[in-house]
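Let's walk through this model together, one piece at a time. Keep the structure open as you read.

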Amino acid sequence: MGVFSRFMDIINSNINSLLDHAEDPEKMIKLMINEMEDTIIEIKTNCAAAIGAENTAKRKVAELEGLVDRWQKRAELAIEKGRDDLAREALIEKKRLSSELEKLRAESDRYDQLVAKYKGDISKLEEKLASAKAKYQSMREQAAREAEERRKAQGPYTYTYNWSSKNKDADPVDRFSKMEEHIDKMHERKNQGAENKDTESRFKDLEQQDEIESELEQLKKKMNG
């Protein structure tokens, strides 16, 4: 069972209801506690990996921002020196880097959202785990009291343990699976786009020529003004 499926099963489970129908409530809740602890460890591991990817993306964003600024200044320098040809090349490079920067910022935002989701789910699971441990401790204490009473009375002992059912199980919503599926689809589209890169890039070159010339003229007017 995957971590996300286990997470939703645990979050949407009603511990009291499960114990009501369990042949061995103490064994059942112990198994649930073990499952919660394993799932928390796995989600924390995934969260740490997402944080690492998020930090890498943010570092690359900062680097690209510096490069975009650098090529902007180079374009201005070329204009000052009367080298419109170099200014055009600088603006083309700036445009290419700006496009990469936009994609990286979007990627960084996705990781930021994913980390926030992981942290929220860890918090929910830890709250559920604390509740389960409290019930387990209460169950053991009650069993110990009943054993002591049986010993004193030396009479027959019937173990009974009833937990009142509260809310019905909520419908599971596999949020993380959808998020991962969305990210996978974005990577698919990216790979498919790469196959048509040659044709696409030739048309983009034609489309960008006018944009570069327009940006060059605007920059010259701004500097001369």
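Helices here are DSSP runs of H or I with at least four residues, numbered from the N terminus. A quick word on the source: this is a predicted model, where local features need pLDDT of at least 70, side-chain atom pairs count only at pLDDT 80 or more, and totals for chains, interfaces and linings use all residues. Residues are numbered from 1 along each chain as its sequence is written, and side-chain values use heavy atoms, with hydrogens and water left out.

Just past helix 4, Gln154 has a positive phi of about 55°.

Now look at how the two pack. The axes of helix 3 (residues 25-80) and helix 4 (residues 84-153) come within 6 Å and cross at roughly 165°; axes are lines fitted to C-alpha atoms over the stretch in contact, with angles from 0 to 180 degrees between N-to-C directions. So helix 3 and helix 4 are roughly antiparallel, a label for angles over 145 degrees. The residues of their contact divide into 36 nonpolar (Ala, Val, Leu, Ile, Met, Phe, Trp, Tyr, Cys and Pro), 5 polar (the others, Gly among them) and 20 charged (Asp, Glu, Lys and Arg).

Conventions. Helices (H or I, at least four residues) and strands (E, at least two) are DSSP runs, numbered from the N terminus. Angles under 35 degrees count as roughly parallel, over 145 as roughly antiparallel, 65 to 115 as roughly perpendicular and the rest as oblique.
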